[in-house]
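The stops below are meant to be selected one after another.

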Amino acid sequence: MHKVTLPDGAATYTCRNRLKSRCIDQLAGQPIESLPQHWDAVPANTSCLSCLIQTGSPEHNEVLNLFRATCPNNVIKIERIQNPTLWRTLQIKKLDMELRNGHQKNEKRLFHGTCHTTIDHINNHGFNRSYAGKNAAAYGNGTYFAVSASYSASNTYSRPDPKGQKYMYLCRVLTGDFTAGRHGMKVPPTKSTTTVELYNSVTDNPSGPSMFVIFHDNQAYPEYLITFF
C-alpha cells in the first residue's frame with residue numbers, strides 16, 4: 001500500500017484555459033442556502049410558492065415599469081415565484097459562470113411568454129429546453145428569452161387562455177458570454193479554436209440583442225409571473 005501525503009491548504013486545479021481557480025472551495029464557501037430577504041416564508045414540505053405582489057408596492061412598480069417600458073397591455077396581477085431549489089441552483093450556476101468568465105456581468109432580466117397550461121410546470125420545475133422549436137427556433141434549439149416585453153406579448157408566445165388572459169415571466173437569465181446563434185444549434189459554440197470553453201448563450205444580434213437562447217435549464221429562474229390582457 002502506498003501512502004500519499006497531501007499538501008496543506010485548499011486544493012486547486014488548473015482549468016483548461018490555464019487559469020488557476022479554487023472553484024470548489026469558493027462554491028462551498030458561498031451561502032447558497034440563503035434565499036432573498038423579501039421572499040415570504042415558504043411552508044415546510046412546499047417546493048414552490050406563488051405570492052401575489054401588492055399593487056403600488058415598490059416591488060410591484062419595479063416589475064410593472066420593466067413590462068410597460070415596451071408593452072402597453074393592461075396588467076391584471078403580478079406574482080412572485082418562490083422556488084428555493086431552482087433559486088439555489090441558479091446561484092450555483094451563476095458563481096461557476098463568474099469564475100469561468102472572469103467577470104460578474106452574467107445575469108440579465110428578460111421576458112418569456114407562455115401558455116396557461118405550462119405555468120405549473122415552469123413554477124415547479126423551471127424551463128425545459130426539450131420544448132425548443134414549439135414556437136420558433138431560428139437561433140438554436142434552446143429556451144428563448146426576449147429583451148422587450150412587447151416581443152413576448154405576441155400571441156405566438158403568450159397565447160390567451162379561454163378568458164382572454166395572457167401570461168409572461170420576468171426572469172433572471174444567465175446569459176454570460178454570448179455569440180450569434182443559428183438554426184439547428186443544440187449547444188453554444190466554443191469561444192475559440194484553442195479552448196473547450198463554450199459560450200454561455202447565443203443571440204440574434206451580438207451587438208444589439210433582442211433575444212437570448214440558453215441551452216441549460218438551470219441558467220434561468222422564473223422570478224415573476226405577469227398576468228395581462
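The tour goes through a helix, then aromatic pairs, then salt bridges.

This is a predicted model, in which local features need pLDDT of at least 70 and side-chain atom pairs count only at pLDDT 80 or more, while totals for chains, interfaces and linings use all residues. Residues are numbered from 1 along each chain as its sequence is written, and side-chain values use heavy atoms, with hydrogens and water left out.

**Helix α3**

Select residues 84–101, helix α3. Helices (H or I, at least four residues) and strands (E, at least two) are DSSP runs, numbered from the N terminus. The expected span of a helix is 1.5 Å times one less than its number of residues; for the 18 residues of α3 that gives 26 Å, which agrees with the 26 Å between its end C-alpha atoms. Buried means under 20% relative accessible area, exposed over 50%, and partly exposed in between (1.4 Å probe, protein chains only). The buried residues of α3 include W87, L90, D96 and E98. Step on to G102, which follows α3 and has a positive phi, near 75°.

**Aromatic pairs**

Rings of Phe, Tyr and Trp (its six-membered ring) pair if their centres lie within 6.5 Å; planes under 30 degrees apart count as stacked, over 60 as edge-to-face and the rest as tilted. There are eight aromatic pairs by this rule. Select F127 and F145: the ring centres are 5.1 Å apart and the planes stand at 90°, so this pair is edge-to-face. F127 sits in the loop between α4 (119–125) and β6 (143–146), and F145 in strand β6, 18 residues apart. Both F127 and F145 are buried. Next take Y151 and Y157, a stacked pair with centres 5.3 Å apart and planes at 20°. Y151 is partly exposed, at 35% relative accessible area. Then return to W87, which forms one aromatic cluster with W39 and Y221.

**Salt bridges**

A salt bridge is a side-chain nitrogen of Lys or Arg within 4 Å of a carboxyl oxygen of Asp or Glu; the structure holds twelve. Select R80 and D40, whose closest N and O atoms are 3.7 Å apart. R80 is in strand β4 (residues 75–82) and D40 in the loop between α1 (23–29) and β3 (49–52), so the bridge ties together parts 40 residues apart in sequence. R80 is buried, at 5%, whereas D40 is partly exposed, at 40%.

Finish at E223, which forms a salt bridge with R172 at 3.0 Å. E223 lies in strand β11 and R172 in strand β7 (residues 166–174), 51 residues apart. Both E223 and R172 are buried.
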